[in-house]
Amino acid sequence: MFTLPQLEYDYDALGKYISKDIMELHHAKHHQAYVDKLNVAIDAAPGLQERPLETLLTGLDSLPEAVRTAVRNQGGGHYNHTKFWQWMSPDGGGQPGGALGMAIDAKYDSYQAFVDEFTRQALGVFGSGWVWLNSDLSISTTPNQDSPIMTGENAPLLGLDVWEHAYYLDYKNKRDDYVHAWWNVVNWDRVTQEYHP
Ligand code: MN3
């Protein structure tokens, strides 16, 4: 059985950038629904119960067709959101330091140029999806709850949920305001720890 992970901060901890109402709805309702529906799917598929989530998602092609779409959508939702909560912090914002900061400068010329490109791709996602900073420092997007690990990439270093459910209560249709605000809560300490060039 998969379970909803606890947040490492309170629902109201991200303050003016992402409200308590959004965080509670997003975590307790949306993420919980992915977990519940994933469990229903796995429950009906003998032999899959013991598999870790990453193994399920990196081996979608090997799954029985009857559960493949559910694992992709609900399992992807569980995986992406579990990481998303960790990529934010009330102590976030600023810029990445250390090796990651230098590598981003080298690849994008500056931190701001990286932010601009990530933001541009976030605004370009049509409908629901995610934008990612991958382990090779490339930026990419996926539709729905797809995740880079489903196509053989390493685990992403950072990702941003651009589904309307992630921002509509605070920002209505203004995804650009949400994306710009989000940089203030990015947990660069966590992202930097996961960077292993
Ligand atoms: Mn979401």
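Is Asn 39 buried or exposed? Asn 39 is buried, at a relative accessible area of 10%, where buried means under 20%, exposed over 50% and partly exposed in between, with a 1.4 Å probe and protein chains only. Keep in mind that this is a predicted model, in which local features need pLDDT of at least 70, side-chain atom pairs count only at pLDDT 80 or more, and totals for chains, interfaces and linings use all residues. Numbering starts from 1 along each chain as its sequence is written, and side-chain values use heavy atoms, with hydrogens and water left out.

**Overall fold**
- The protein chain has 8 helices and 3 strands, taken as DSSP runs numbered from the N terminus (helices: H or I, at least four residues; strands: E, at least two).
- Reading from the N terminus, the order is α-α-α-α-α-β-β-β-α-α-α.
- Along its principal axes, the C-alpha trace spans about 50 × 35 × 30 Å.

**Packing and charge**
- Of the 197 residues, 49% count as buried.
- Among contacts (heavy atoms within 4.5 Å) with a separation of 6 or more, 65% come from residues 24 or more positions apart.
- The protein chain carries 14 positive and 26 negative charges, and their mean positions are 4 Å apart. Lys and Arg count as positive, Asp and Glu as negative, while His and the chain ends are not counted; each charge is placed at NZ of Lys, CZ of Arg, CG of Asp or CD of Glu.

**The manganese site**
- His 26 (NE2), His 81 (NE2), Asp 161 (OD) and His 165 (NE2) are the protein donors of the manganese ion, 1.9 to 2.1 Å from it. Donors are N, O and S atoms within 2.8 Å of the metal (3.2 Å for Na, K and Ca), and water is not among the atoms, so sites may look incomplete.
- His 26 sits in helix α1 (residues 20-43) and Asp 161 in strand β3 (residues 158-161), so this pair ties together parts 135 residues apart in sequence.
- His 26 and Asp 161 are both buried.

**Two residues to look at**
- Asn 39 belongs to helix α1 and, leaving aside neighbours within four places in sequence, is in contact with Met 1 and Phe 2.
- Phe 126, in the loop between α5 (111-124) and β1 (129-133), counts as exposed at 82% relative accessibility.
- Phe 126 and Trp 163 are 37 residues apart in sequence, with 9.7 Å from C-alpha to C-alpha.
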